[in-house]
Amino acid sequence: MPAAEIVISDMTGPDVARVIEIEKLSFTHKWSLNDFTSEVLNPDSICKMACLGDGRAIAIGYICVRMMVDEAHILRLAVHPAFRQRRVGSLLVKYIKDEVLRDFKGKIILEVRMSNMAAIRLYDSLGFKNLYIRRHYYAGPEEDAIVMAFDLDNRGWPIGESFQSCPSEHRCL
Ligand SMILES: CC(C)(COP(=O)(O)OP(=O)(O)OC[C@H]1O[C@@H](n2cnc3c(N)ncnc32)[C@H](O)[C@@H]1OP(=O)(O)O)[C@@H](O)C(=O)NCCC(=O)NCCS
């Protein structure tokens, strides 16, 4: 799928219904229509959607980021199952990191389920590092979270630690 076919734009209220369809296919603990609507309306949030073609006819992925002083917190990232492993997720994260937050000073931070190797590898491949384990962070099913971060000040970390070497419950960096 050529990158030119994918258009990233602001998620707006009317888009939420389409985003919800991807959400249902992507998470066990799902955001509701109200969750997305309030995020889209929140002035501290950045919600972007990836669509096929200029007409934005087919929504294939989205990302929601909440700005908190010196942190940009990725709250949601998902790609429609039919379009996974074609770099759409990477494109959305890179767009936030390199375009939207180009001049932002601080860190991008996120939580990810320990078992979610697809997401962990994606963030890893973009230079995110694991910070620490947050025990019992997720419900339905219960699971620990890895907290990962990307330092926008340094555009990466001076000394990297690989995911495998992170000792549980201790900070790696
Ligand atoms: C996680 C998710 C967003 C990845 O989106 P994607 O568009 O498929 O990812 P990409 O194609 O950009 O993959 C980038 C890298 O991630 C890794 N990756 C992606 N999917 C993978 C999979 N199923 N298994 C193993 N590695 C995977 C690969 O290292 C890949 O690099 P490569 O193409 O060079 O091998 C997608 O699987 C998804 O929507 N999952 C459900 C929701 C979710 O878990 N969101 C993240 C919450 S933190």
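A residue is buried here if 20 or more other C-beta atoms lie within 10 Å of its own, exposed if 12 or fewer, and partly exposed in between, with C-beta atoms placed from the backbone. A nonpolar core is a set of buried Ala, Val, Leu, Ile, Met, Phe, Trp, Tyr and Cys residues joined through C-beta atoms within 7 Å.

The model is predicted: local features need pLDDT of at least 70, side-chain atom pairs count only at pLDDT 80 or more, and totals for chains, interfaces and linings use all residues. Residues are numbered from 1 along each chain as its sequence is written.

**Stop 1: the whole chain**

Show the cartoon. The protein has four helices and seven strands. Helices (H or I, at least four residues) and strands (E, at least two) are DSSP runs, numbered from the N terminus. Read from that end, the elements go β-α-α-β-β-β-α-β-α-β-β. The protein has 173 residues, and 27% of them count as buried.

**Stop 2: the core**

Select Val19, Ala50, Tyr62, Ile63 and Leu92. In the largest nonpolar core, which has 39 residues, these five touch the most other members. Strand E3 (residues 58–68) gives this core its largest share, six residues. Domain 1 (1–104) and domain 2 (105–173) each contribute at least three residues to the core. The domain bounds come from an automatic or database domain assignment. In soluble globular proteins, nonpolar side chains tend to be buried together.

**Stop 3**

Two strands pair if DSSP finds at least two bridges between them. Strand E2 (residues 45–52) pairs with E3 in the antiparallel sense, over eight bridges. Pick Cys51 and look across to Ala59 in E3, which stands opposite. Five residues lie between the strands of this hairpin, where Gly53 takes a positive phi near 80°.

Move on to E3 and E4. They too pair in the antiparallel sense over eight bridges. Arg66 faces His73 of E4. The hairpin of E3 and E4 has two residues between its strands. Stop at Val69, in the loop between E3 and E4. Its phi is near 50°, a positive value in a residue other than glycine. Is Val69 buried or exposed? Val69 counts as exposed because it has 7 C-beta neighbours inside 10 Å.

**Stop 4**

Select strand E5 (107–113). Its covered face holds Ile108, Leu110 and Val112, while Lys107, Ile109, Glu111 and Arg113 make up the uncovered one.

On one pairing, E5 runs parallel to E4 over four bridges. Leu110 of E5 is the bridge partner of Ile74. E4, H3 and E5 form a right-handed β-α-β unit. Right-handed means that, with the strands pointing away from the viewer, the path from the first strand over the helix to the second runs clockwise.

On another pairing, E5 meets strand E7 (residues 143–151) in the antiparallel sense, over seven bridges. Here Glu111 stands opposite Val147 of E7.

**Stop 5**

Go to His136, in strand E6. This residue has a positive phi of about 55°, although it is not a glycine. His136 is exposed because it has 9 other C-beta atoms within 10 Å.

Follow the chain to Pro141, in the loop between strand E6 (129–138) and E7. The peptide bond from Gly140 to Pro141 is cis, with omega near -5°.

Next, pick Ile146 in E7. Is Ile146 buried or exposed? Ile146 is buried because 24 other C-beta atoms lie within 10 Å.

**Stop 6: the ligand**

Finish at the ligand. How many residues surround the ligand? There are 21, and the closest are Arg84, Gly89, Ser90, Ala118 and Leu122.

H4 provides the largest share, six residues. Both domain 1 and domain 2 give at least three residues to the shell.

The shell has 11 nonpolar, six polar and four charged residues. Ala, Val, Leu, Ile, Met, Phe, Trp, Tyr, Cys and Pro count as nonpolar, Asp, Glu, Lys and Arg as charged, and the others, Gly among them, as polar.

Notes
Near = placed C-beta within 6 Å.
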